[in-house]
Amino acid sequence: MVKAIVGACWGDEGKGKITDILATTADIVIRFQGGSNAGHTIINDYGKFALHQMPSGVFNENTVNIIGPGVAFNVPYFVKEMNYLKENGVPTPKILISDRVELLMPYHILLDSYEESRLADKQFGSTKSGIAPFYSDKYAKIGIQISQLFDEEILRDRINNACEIKNVLIEHLYKKPLLNADEIFNEVLKYRDLVAPYIVNTTEYLHKALADGKEILLEGQLGALKDPDHGIFPMTTSSSTLAGFGAIGAGLPPHSIKKVYTVAKAYSSAVGEGAFVSEIFGDEAQELRVRGGDAGEFGATTGRPRRMGWFDCVATRYGCILQGTTDVAFTAIDVLSYLDEIPVCVGYEIDGKVTKEFPVTSLLEKAKPVYTVLPGWKTDIRGITDYNDLPANAKNYVEFIEKELGFNITIVSNGPKRNEIMYR
Ligand code: GDP
């Protein structure tokens with residue numbers, strides 16, 4: 001059976017923690033999109049970890065972790081994360097890398113930062129991990145598949161071709177030093193030995209695993225509002241963040257996905273630019289920011305302070321629809337325990353009309369939040385393990401939101417640790 005764990009909104013919803021919990025009983029955890037551009041924070045018996053590219057099943061000795069063909073695979077980053085796990089006492093994880101995954105090349109990172117500098121005050125707020133240039137190359141068919149590392153003639157040819165194209169932009173648009181194809185070839189050849197032990201035909205592997213009844217988790221990165229087709233375009237990422245794409249980016253039949261856990265945080269946070277209807281500012285935002293997550297809402301990749309806001313039912317409902325949600329995992333409700341009253345965004349007012357439908361970006365930019373203010377519970381709820389033991393106002397908060405979303409909240413997380421979780 002396949003389960004997907006994906007984000008409802010902008011990302012940073014706490015998917016890492018939910019995946020870490022579900023991974024304890026999973027045979028296989030798969031990353032199916034994105035790359036090292038987003039971070040998952042995981043706290044378990046080995047300590048606290050910020051993982052970027054590694055599947056969150058790496059802490060379980062019995063779990064096989066797969067880098068699916070849909071990932072933007074950064075080899076130096078892979079090596080760095082393997083070392084990071086080792087240095088922190090995590091036993092060597094079982095990892096398989098798809099023989100069809102494409103390589104994030106050194107020039108993708110360069111071009112990402114050149115482009116962000118060129119855009120100056122019109123920046124997207126990219127993490128400069130090379131993700132947009134990587135996926136551009138993939139769909140322009142000039143990317144480099146990991147299997148091509150093992151044929152020097154093809155590899156040289158592909159790199160020469162990519163450099164020829166990139167150097168036009170680098171010379172005339174960005175006015176930076178030209179790429180040297182030989183240097184890149186020699187650099188990338190070093191990847192070969194680093195990845196060779198892990199490369200397999202993961203599609204065949206998964207086909208067999210399904211037939212054997214294995215439990216498989218698809219681990220999404222970012223959230224539905226960052227999806228290039230359905231999200232807040234163009235403030236989106238460059239690969240699909242939706243569970244449906246999990247089938248493609250991993251190499252599994254679409255009908256094999258039986259459960260979609262959409263992770264939604266009890267308040268909102270976002271990184272990067274773009275419309276954010278329920279955003280709050282100043283001291284009010286700073287208070288929520290420093291109390292948020294396990295150590296404040298600061299980017300796991302960049303350390304940037306995240307933009308903060310109240311829970312947005314309009315955006316989250318849309319995210320739940322897009323994901324094909326069977327279960328909502330509602331996280332970080334403990335963070336709100338300090339508030340007397342908690343505003344919840346239940347509608348958007350656009351040109352004088354109130355809607356609950358998430359609009360296209362041009363209208364989203366005009367939207368004003370319509371709030372319902374709920375009473376707070378004003379008591380520490382960490383340590384509670386039975387949902388029924390929550391204060392009435394905390395249950396009311398969960399159930400009010402559940403009704404607005406129209407999707408069942410079956411998991412409620414009340415702290416960053418593995419055991420701080422309640423099932424309904
Ligand atoms: P992801 O990218 O969706 O995995 O999310 P991040 O890891 O970037 O952000 C989630 C943050 O919230 C991390 O610091 C987690 O440790 C923390 N977290 C997860 N669940 C909870 C929770 O229920 N309560 C609190 N206080 N923090 C949580």
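**Sheets and helix packing**

Author: Strands E5 and E7 (residues 94-98) pair in the parallel sense over 4 bridges. Helices (H or I, at least four residues) and strands (E, at least two) are DSSP runs, numbered from the N terminus, and two strands pair if DSSP finds at least two bridges between them.

Reader: Before we go on, what are the ground rules here?
Author: This is a predicted model, where local features need pLDDT of at least 70, side-chain atom pairs count only at pLDDT 80 or more, and totals for chains, interfaces and linings use all residues. Residues are numbered from 1 along each chain as its sequence is written, and side-chain values use heavy atoms, with hydrogens and water left out.

Reader: Ok, back to E5. In E7, what's the bridge partner of Val64?
Author: Lys94 in E7 is the bridge partner of Val64.

Reader: And how does E5 pair with E2?
Author: Strand E2 (residues 28-31) and E5 are also paired in the parallel sense, over 4 bridges. There, Ile30 has Ile66 in E5 as its bridge partner.

Reader: Which residues cover the two faces of E5?
Author: Strand E5 spans residues 64-67, with Val64 and Ile66 on one side and Asn65 and Ile67 on the other. Those four are all buried, buried being under 20% relative accessible area, exposed over 50% and partly exposed in between (1.4 Å probe, protein chains only).

Reader: What about Thr63, where does that sit?
Author: Thr63 is in the loop between strand E4 (47-51) and E5. Its relative accessibility is 1%, so Thr63 counts as buried.

Reader: What does Thr63 touch?
Author: Leaving out residues up to four places away in sequence, Thr63 touches Ala23, Ala26, Asp27, Ile28, Val29, Gly57 and Lys94. Contact means heavy atoms within 4.5 Å.

Reader: Zooming out, what's the strand order in the sheet of 10 strands?
Author: That open sheet runs E9-E7-E5-E2-E10-E1-E11-E16-E20-E21, with mixed pairing. Strand E9 (199-200) and strand E21 (421-423) are the edge strands, each pairing on one side only.

Reader: How do E1 and E10 pair?
Author: Strand E1 (residues 2-7) and strand E10 (residues 216-219) pair in the parallel sense over 4 bridges. Ile5 stands opposite Glu219 in E10. Helix H11 (residues 313-323) packs on this sheet, touching E1, strand E11 (257-265) and strand E16 (327-331), and its direction makes about 165° with that of E11.

Reader: Is E16 covered or open, and by how many residues?
Author: E16 is mostly covered, as 5 of its 5 residues are buried. Asp327, Ala329 and Thr331 point one way from E16, while Val328 and Phe330 point the other way.

Reader: And which residues pair across E16's neighbours?
Author: E11 and E16 pair in the parallel sense over 5 bridges, and the bridge partner of Ala264 in E16 is Phe330. E16 and strand E20 (residues 409-413) pair in the parallel sense over 3 bridges, with Ala329 opposite Ile411 in E20.

Reader: Switching to helices. How do H3 and H4 cross?
Author: The axes of helix H3 (residues 106-119) and helix H4 (residues 131-139) come within 7 Å and cross at roughly 120°. Axes are lines fitted to C-alpha atoms, for helices over the stretch in contact, and angles run from 0 to 180 degrees between N-to-C directions. H3 and H4 are therefore oblique to each other; angles under 35 degrees count as roughly parallel, over 145 as roughly antiparallel, 65 to 115 as roughly perpendicular and the rest as oblique.

Reader: Which residues meet there?
Author: Tyr107, His108, Leu111 and Asp112 in H3 meet Ile131, Pro133, Phe134 and Asp137 in H4.

Reader: And how do H3 and H5 cross?
Author: The axes of H3 and helix H5 (residues 152-174) come within 12 Å and cross at roughly 25°, so H3 and H5 are roughly parallel to each other. On the H3 side the contact is made by Tyr107, Leu111, Tyr114, Glu115 and Arg118, and on the H5 side by Ala162, Lys166, Ile170, Leu173 and Tyr174.
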